[in-house]
Amino acid sequence: MTSSETAPVAIISRNDDSRLGTPLLVFLHGYGSNEQDLMGLSQYLPEEFTYLSVRAPLQTGPGYCWFPLTQEIDYSAEAVSQSVVALWALLEPLSKQHSSVTLLGFSQGMAMATSLARFQRDAITAVVGLSGFAVEPRDLEIFDDAVVQRNPIPLFWGRDLADPVITRDKIEYTLGWVSKHAELTSETYPQIGHSVSMEELEDVNAFLKKVVLGQK
């Protein structure tokens, strides 16, 4: 499926002039979910932000995905590239109306968030990744990791070390990638599995206030 075959679907926390000039936080949901899934997290995060939650372009079962996954959580580099480019086509005009753009992705959404930061580093202020991973390039021409290495992306990465969904090879690659390309805030949360906890949201709230809003 090409990016043009499905019109983007998104919901926004405020769609009037009050959002102009505010920091934008973009929610990117996980595999098989939809744009409604993460929007409720905004009530636990800073009120200064405008929140945008985007539906992934590809249907999978009753939900949606950013790119197809095999049973081993493997993926096509071409499918990743198409989805990242399509997401940026949606966000680029919005980005000009806001003071900054931060991405928050859960699971496969973290793969998308880090991928978009590697594609448009100068446009992305920070990334929050929850229970997810970074994509291994595999000749992905849209990534410019050299730029990201010179200007590391502020990244909050929260997870359970015993996450039953994200495979070990994805974690190992991500650990290597963040060591060279991110200003990393890493937190682990025992027994949350593949989910999000209130403690984690409190840490994300503090990260956003410090890194994006410049508050102590």
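Trainee: Is Ser-83 buried or exposed?

Mentor: Ser-83 has a relative accessibility of 3%, and because buried means under 20%, Ser-83 counts as buried.

Trainee: Which residues is Ser-83 in contact with, leaving aside its neighbours within four places in sequence?

Mentor: With those neighbours set aside, Ser-83 is in contact with Pro-57, Trp-66 and Met-112.

Trainee: Let me zoom out, then. How many helices and strands are there in the chain?

Mentor: The chain has 5 helices and 9 strands, and read from the N terminus on, these elements follow the order β-β-β-β-β-α-β-α-β-α-β-α-β-α.

Trainee: And how compact is the chain?

Mentor: Its radius of gyration is 16 Å, close to the 17 Å that the globule rule gives for 216 residues, so the chain is as compact as a globular protein of that length. Along the principal axes, the C-alpha atoms fill a box of roughly 45 × 40 × 35 Å, and buried residues make up 51% of the 216 residues. Among the contacts with a separation of 6 or more, 78% come from residues 24 or more positions apart.

Trainee: What about the sheet, what order do the strands have?

Mentor: It is an open sheet of 7 strands in the order 1-3-2-6-7-8-9, and the pairing is mixed. Strand 1 (10-12) and strand 9 (182-188) stand at the edges with a single partner strand each, so one side of each is left without a neighbour in the sheet. On average, and with direction ignored, neighbouring strands of this sheet are turned by 15 degrees against each other.

Trainee: Where does helix 1 pack?

Mentor: Helix 1, which covers residues 77-95, packs on the sheet and touches strand 2 (23-28), strand 3 (50-54) and strand 6 (100-106), while its direction makes about 165 degrees with that of strand 3. Helix 5 (residues 198-211) lies across strand 2, strand 6, strand 7, strand 8 and strand 9, and it runs at about 175 degrees to strand 8.

Trainee: You mention strand 8 there; in which sense do strand 7 and strand 8 pair?

Mentor: Strand 7 (residues 126-130) and strand 8 (residues 153-159) pair in the parallel sense, over 4 bridges. If you want to find the pairing on screen, Gly-129 stands opposite Trp-157 in strand 8, and Leu-130 has Gly-158 as its bridge partner in that strand.

Trainee: Why is strand 8 said to be largely enclosed?

Mentor: Because 7 of its 7 residues are buried, strand 8 is largely enclosed by the rest of the structure. Both of its faces are covered, with Ile-153, Leu-155, Trp-157 and Arg-159 buried on one side and Pro-154, Phe-156 and Gly-158 buried on the other.

Trainee: Changing topic, where is the place of Val-165?

Mentor: Val-165 sits in the loop between strand 8 and helix 4 (168-181), and at 37% relative accessibility Val-165 counts as partly exposed. Val-165 and Gly-193 are 28 residues apart in sequence, and their C-alpha atoms are 8.3 Å apart in space.

Trainee: Last one: over which residues does pLDDT stay under 50?

Mentor: That is the case over residues 1-5, for which the model has 7 contacts beyond four places in sequence. Where pLDDT is low, the predicted coordinates should not be read in detail. The chain averages a pLDDT of 92, with 94% of the residues scoring at least 70.

How values were computed
Residues are numbered from 1 along each chain as its sequence is written. This is a predicted model: local features need pLDDT of at least 70, side-chain atom pairs count only at pLDDT 80 or more; totals for chains, interfaces and linings use all residues. Side-chain values use heavy atoms; hydrogens and water are left out. Two strands pair if DSSP finds at least two bridges between them. Helices (H or I, at least four residues) and strands (E, at least two) are DSSP runs, numbered from the N terminus. Axes are lines fitted to C-alpha atoms, for helices over the stretch in contact, and angles run from 0 to 180 degrees between N-to-C directions. Contact means heavy atoms within 4.5 Å. Buried means under 20% relative accessible area, exposed over 50%, partly exposed in between (1.4 Å probe, protein chains only). The radius of gyration is taken over C-alpha atoms; the globule rule is 2.2 Å times the number of residues to the power 0.38. pLDDT is the predictor's confidence in each residue, from 0 to 100.
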